[in-house]
Structure formats: structure tokens, C-alpha cells
Amino acid sequence: MATWFKSLLLLALAVTVAVLLRRYEGDVLILLPDWRVQLPLARAVAVVLLTFVLLYIVLRLLSWALAIPERVRGWRQRRVQKRDMELLEQGWITLLEGRYAQAEKSLTALLDQAKPQRRKVLAALSAARAADELGEFSRRDSLLASAAEQATGDESLSQAVMLVGADMLLDQGKPAEALERLAPLQENASRHLHAQRLFLRAHHALGHHDQSFALARALSRRGVLGVAEANAILGAAAAARLRGSQGDDWRKVWKDLKSEERLVPEVALAGAYCFDAAGQADEAGKILETAINDSFDPRLIEAYAQCDADQVPRRLEKAEKWLQRNADQPELLRALGALCLQGQLWGPAERYLVRSVQLKNDPRTHVLLGSLYDRLGKREESLRHWRLASKAHLGRLPELQQKSFLPPADTQADPKIRDADDSFGSLARYPAAAAAAPVAVMLDEFEANAVATPRVATDDELEADAMVVPPAEAASAVAADESTDTFAAGRSYDESADVPPADAVAGHDDFEEYFDSAPLPYHPVDAQGAEASDATDAVDGRNDVVRPGQSGAAPRQDNNS
């Protein structure tokens, strides 16, 4: 439309000029030194216009030619900007889609090639968010440090870096570090709603109840926090302040609360607890009643049922009025049953509790019924409800059999060691028992089994016999005489005794243990009164060891003969 208007205006101007030139005829005279130019008026006007047009065209061509380098630079910048914007868009789209690895790759490439400061900060913060979602916290911290370095000198960019970093630290579960990062924004946080939310999250996580309460109240008043979120934070903070107050300081905290804040269940429970601890049970009951009328919370009902006997009639009357409006509330029925128990009204208590347990299988109701039946002397019913309470609390219980026996032990693979008389004696089968047996018992077994005409044993026979003879008998049979003349030349050793298989002895740990720890027995005195040689002499002269049963000893009975 503008072009048509300009064209129409130019056409009208040309027609006007043509009409004027036609009406007013004349010449244009131009006098120059040595020159005189005379032209008609119309021709002179045409020459001027043509000269203007040619001069305009020449100047425009010259300006265009001189602006070529600038246009090239601008074209390059536009191309780079377009490429950066494509990378930024691709990074943000993949970040929103949840493809964090691809988003970090695109945004890191943008960070490396971008030139403008703000674009580099934006790319670094976005890449840090992607790395945080991937759990790569070291890369995230490195990207945040790069963004903070690029944002130096720009207040808005610096605030953005601090807020994004604090938000990610809070998500990671590090409220102390987040609060430290937000410290520079403490003074101006009241004008920055997002910063206030981050401060609230940090203080609430660290348990700073005073700061949490003030920030939650301010944000709730400005509509930043929802009702449910604000009540949760306000309730937790106010309840902690009430319970943590020293002396009567809780009264100041209670007076500072608004009426709608006192209706929050956590706040009402904490206030009732404080008043009840101070001996003002009536005021505690009123606080709970007001809160229950506003919101029917089971925690409030349960706390309302916990009172002394003098409070039971008033609270029971109030609870029965609530029951008319909430007839199918198992928590209210259990509270009525508890109040009746406290007032020793056994019949109503049983009716309320049975009705409550029919609506909801709650272990607390079973506990109250168990206590009631125990008080009434109904042991079976009491035990049954105690079992039901345990089952309702723990879930499925293991089924125990009435009678169960352990399977018999498998003794086929037990190690066995033969006695010297080719029998499996109790002392040989159980080395530990042999070690504890008296020496006299072992000597009696030795004398009963001694051979009549022993001969000198060789080294090979001694080694083989160490595998066969029981430890108690082997230790008592080793003896040597100081003189080699005492050996009888006609003695012989019975080699026909059965040797147990090697697997019956190999691997028997108790055998070597007993052999090393058995008590050193003594050798009996022979008929001539000569005493038995010391066992150490037998170790010094191994070739001098003889089989027990020297002259004067009882002959050995061979079981195989």
C-alpha cells in the first residue's frame, strides 16, 4: 500500500510540473566565463532531473561497493548465529525430551564455538543441567565454574549462575552448599521470588525452623506456594518451634501464630501437647476440637482420645456428636473405644472396638480389644486379639509345625581307627575322649592286650604301627631300658594283625592333635623291681624301642589266633 501511494504521489507531481512548464514558457540562461548557455525552461528542468538521477545512481553504486566488507562480515555473523541457534535449539529440545547425553554433547559444542558472552553462559548452564541429570557431578561443577567465569561483570548472568547451581545442589541433597552459594543474594532475596523458594528449600532441609516459617509465611501470602505445600512447611516448622522451646517460650510462639495456622494438624498436635504438659488439659482439648472441626484428621482423633479419666465424660460426649456425622470412621470408633476403656465403660468400649475392627483391620484396635478382654478375664479372646494384632502389624506370619524332628546324622563317612587288638574301641574312635581318660584306665587296656613274646620292632614297623595303634596305647607302650642286654632274643612280634585301610586314618585331624597333646603315661614296674625307663630315652634311641610285654609283663592276647 505504501508503494502504491508513493507511486501515485510521484505521478501527480510529474503532471503538475508538466502543466506548469507548458503554461509558463521561458528560457534558462547560464552565464559562465567565456560561456553562455541558454536553454528552454522545460529542457533545463529535464536536464536537472536527469542529472540528479544519474548522480543518485552513482552514489548508491559507490556506497554499495564500499559496504561490501561490512556486508561480508555481517553475513558471516549471521551464519555463525544461525549455527549457534540451531545447536542451542537442538540442545534444549533433547534436554526437554530427556536425552541428556545428546543434549550435553550439543550444548558443549556450542560452548566451545560460541563467541558472545551471554550465549556461552547459557550454553554452559544448559550443559551443566544435562550433566546433573546424568549424575556426572564433576562435569557439572566444571561447567558451572566455566559459566561463572564467563558471567564476570554481568550481574544478571551472575545471579542466574548462582540460582541454577543452588537448585542443582538442592536436588543433589546438599542444602548447606546451596545455602552458601545463595549467600550473595541474601539482601535482595525479597525481590526475587525464585531465590526465596530456594532459600526456603535449603533452610527447611537443614532444619532451620525459624527461617523456614518466615519464608513459608511470606511466600504463601504472595501466592507463590500452594495451600497444601505451605501448610506442610508451616506445620512442620511451627510444630518444631513449639516442641523445641525452652520453659514457657512456647507461649510466645503460640501467640504469634494466626488462627488459620493453628488449624494445621501438626501445629494443633504440638500446641495440644504443650498445653497438656503445662497442666491445661481443657485448653488442649479445645485446640484439638477446633482442628478436628476444620479437618477430620486421624492423628487428631487419636490424640483426642489420650486423656486422663476426668476428661473422659466431656470428650466422650463430643466424640459421639462427631460419630453422628461420621458413622463409618474406624479411627473415630477406635477413639471412642479408647475413651470408654479409660472411663472403665466395658460394654460400650467392646461395641465401639468390635465395630471399628470390622471396618478396618488395625493392629491398634486389636491391642485395645486384647487389653479389654484381659481385664474382663477372657484369656482366650485376649490371646486371639493379640495374635491378630501381631499379624496385622507384621503381615503374613510363618506357619510353624506342631512336631518336627531333625533327620538322623549320617555316620557312614566318619573316620575309624583300629585298636591294637583289631577292634574298634571307644578310645580309638574318639581321640578327644581318650585324651581325657585317666592314665590307669589306659594302662589296664594295655596290660590286657599285651603280647607274650614281643620282639624288637624295626623302623618300618614302628611307622606302620603309628598308623594302627590307638594314641593312648601307643603313648603308654613306648619305653626303653638303659641297657640293651635286657632285650630278649626269643621275642617275636605278631604281624598278622589286620591293618585298617589308609582312608580310615588319612584326614583324621583329631589323631595328630591327640597324639601331640595326650598325657605321658608311666611304665609299670616289672617282677624284679626294675622301674620303666623314661620316655625321653626311647626318643634318643629309636632303634632300641621294643614292643610292650617285656619279662614280667602280662602276655598279649592276639584276637586273630
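A reminder before we start: the model is predicted.

Let's begin with the surface. Look at Phe 52, Val 53, Tyr 56, Ile 57 and Leu 61. They form a nonpolar patch there. Together they have about 510 Å² of accessible area. Take one of them, Leu 61. Which helix holds Leu 61? Leu 61 lies in α2, which runs over residues 41–66. Is Leu 61 buried or exposed? Leu 61 counts as exposed because its relative accessible area is 55%, and the cut-off for exposed is over 50%.

Now a record for this part of the chain. UniProt, in an unreviewed entry, places a "transmembrane region" at residues 47–68. That label comes from the record. What does the model show over residues 47–68? The chain there is 95% helix and 0% strand.

Next, helix α10. This one covers residues 209–221, so find that stretch on your screen. α10 has 13 residues. From first C-alpha to last, α10 reaches 18 Å, close to the 18 Å expected at 1.5 Å a residue. Which residues of α10 are buried? They are Ser 212, Phe 213, Leu 215, Ala 216, Arg 217, Ala 218 and Leu 219. Note that Arg 217 is on that list. What covers them? The cover includes α9 (193–206), α11 (227–243), α12 (249–256) and α13 (259–262). After α10 comes Gly 223. Its phi is positive, near 80°.

On to Glu 266. Glu 266 sits in helix α14, residues 265–277. Glu 266 counts as partly exposed because its relative accessible area is 27%, and that class lies between 20% and 50%. What does Glu 266 touch, leaving out residues up to four places away in sequence? Gly 235, Ala 239 and Arg 299. Now compare chain and space. Leu 234 and Glu 266 are 32 residues apart along the chain. Their C-alpha atoms are separated by 8.9 Å.

Last stop, Ser 356. You will find Ser 356 in helix α19, residues 346–359. Buried or exposed? Ser 356 is buried, because its relative accessible area is 0%, and buried means under 20%. Which residues is Ser 356 in contact with, setting aside neighbours within four places in sequence? Pro 330, Leu 333, Arg 334 and Thr 365.

To recap two of these: Leu 61 is exposed, and Ser 356 is buried. Go and find both on the model. Thanks, everyone.

Conventions
Residues numbered from 1 in each chain as written. Predicted model: local features only at pLDDT ≥ 70, side-chain atom pairs only at ≥ 80, totals over all residues. Heavy atoms only, no water. Helix = DSSP H or I, 4+ residues; strand = E, 2+ residues; numbered from the N terminus. Expected span 1.5 Å × (residues − 1). Buried < 20%, exposed > 50% of the residue type's maximum accessible area, 1.4 Å probe, protein only. Contact = heavy atoms within 4.5 Å. Patch = residues over 30% accessible without salt bridge, like charges linked within 9 Å, V, L, I, M, F, W, Y side chains within 5 Å. Areas by Shrake-Rupley, 256 points an atom, 1.4 Å probe, with all protein chains shown as cover. Salt bridge = Lys/Arg side-chain N within 4 Å of Asp/Glu carboxyl O. UniProt positions renumbered as here; feature names shortened; annotations may be inferred.
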